[in-house]
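Please look over the sequence and the model below.

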Amino acid sequence: MATVGRHRLRELFDDSPTPHIAHYPQTHRRDYYVATDGSFAPDGGGLGVVVETRSGERVARLALPDAAPDNNVAEYRALHLGLDVLAHRAPADANVGVLVDHSDLAADVNLAVLAARGPDYRPLRDVTVPSGAANHWRGIRARIAGFGKLRAAELPSGENPAHALANAPEQYGHVNDEPAKCTLPDVEADETQIPPPSRANRHAGD
């Protein structure tokens, strides 16, 4: 269950912009939400991951030390890790909301989502992946294609629940010992009464 006083990932996602994809009112109808963050420091950084169901039930948390060459690469590594974790704990047709505090990464993810829907799998514009993150970007795109639906939202780093995990993995290492969960999201009664989105929104299916 959600912790009192803690924002659920769903709530953070609802309040955050989703670059390149219209943020229609029913965005909260995701099955799972994954927040990730990567940090860089000369003496070592870290990767943080938080995964929840739409009702706020925690599925997984990770805080791992990492030695990325820079912060940009760390962000891509963190998202690759987060999507891998979710893929092992969620149904293949899961509807996923991604939360990151890196604007280029959020935009790149949504461009890849839109490209996957097109006949030639070409993005709306070229994606510039940081040097050193090419393999992780391929892994991210593979995970995007493997879920039912997915979109990414950008939020400030201070609101990202994965931020502390990535920036102080030595302090939060205990979260890695939490029991792994494979759980189905609850269907909330208030959502069953919401009509489907208008077909006028050409991105409403993402």
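Helices (H or I, at least four residues) and strands (E, at least two) are DSSP runs, numbered from the N terminus. This is a predicted model, in which local features need pLDDT of at least 70, side-chain atom pairs count only at pLDDT 80 or more, and totals for chains, interfaces and linings use all residues. Residues are numbered from 1 along each chain as its sequence is written, and side-chain values use heavy atoms, with hydrogens and water left out.

**The chain as a whole**

The protein chain has six helices and five strands. Along the sequence they follow the pattern α-β-β-β-α-β-α-α-β-α-α. Of the 206 residues in the protein chain, 48% are buried. Buried means under 20% relative accessible area, exposed means over 50%, and partly exposed lies in between (1.4 Å probe, protein chains only). A contact means heavy atoms within 4.5 Å. Among contacts in the protein chain between residues at least 6 apart in sequence, 76% join residues at least 24 apart.

**The loop between α1 and β1**

Arg30 lies in the loop between α1 (9-14) and β1 (32-39). Arg30 is buried yet has no salt bridge. A salt bridge is a side-chain nitrogen of Lys or Arg within 4 Å of a carboxyl oxygen of Asp or Glu. For charge, Lys and Arg count as positive and Asp and Glu as negative, while His and the chain ends are not counted. The nearest side chain of opposite charge to Arg30 is that of Asp14, 7.3 Å away. What does the side chain of Arg30 make a polar contact with? The partner is the side chain of Asn95, at 2.9 Å. A polar contact is a pair of N or O atoms within 3.5 Å; within protein, one must be able to donate a hydrogen and the other to accept it, and residues adjacent in sequence count only if both atoms are side-chain atoms.

Thr18 is found in this loop between α1 and β1 as well. Thr18 counts as buried, at 6% relative accessibility. A polar atom of the Thr18 side chain lies 2.7 Å from the backbone oxygen of Ile21. Thr18 and Arg151 are 133 residues apart in sequence, but their C-alpha atoms are 7.2 Å apart in space. Arg151 has its place in strand β5 (residues 149-154) and is buried, with a relative accessible area of 0%.

His20 is also placed in the loop between α1 and β1. Most residues other than glycine have a negative phi. His20 has a positive phi of about 75° although it is not a glycine. His20 is partly exposed, with a relative accessible area of 37%.

**Salt bridges**

How many salt bridges does a search of the whole structure find? The search finds five. The table includes three of them.

| Pair | Closest N to O distance |
|---|---|
| Arg77 and Asp66 | 3.0 Å |
| Asp84 and Arg143 | 2.7 Å |

Arg77 forms a salt bridge with Asp66. This pair links distant parts of the chain, with Arg77 in helix α2 and Asp66 in strand β3 (residues 58-66), 11 residues apart. Asp66 counts as buried, at 16% relative accessibility. Asp84 forms a salt bridge with Arg143. That pair also links distant parts of the chain: Asp84 is in helix α2 and Arg143 in helix α4, 59 residues apart. Asp84 counts as partly exposed at 22% relative accessibility, and Arg143 counts as partly exposed at 26%.

**Helices α2 and α4**

Two packed helices are described by the angle between their axes and the distance between the axes. Helix α2 (residues 71-87) and helix α4 (residues 134-146) pack at an angle of about 35°, with their axes 9 Å apart. Axes are lines fitted to C-alpha atoms, for helices over the stretch in contact, and angles run from 0 to 180 degrees between N-to-C directions. Residues making the contact include Tyr76, Arg77 and Asp84 of α2 and His136, Trp137 and Arg143 of α4.

Tyr76 has its place in helix α2 and counts as buried, at 0% relative accessibility. The C-alpha atoms of Tyr76 and Trp137 are separated by 6.8 Å, although the two are 61 residues apart along the chain. Leaving aside neighbours within four places in sequence, Tyr76 is in contact with residues including His102, Asp104, Pro130 and Ile140.
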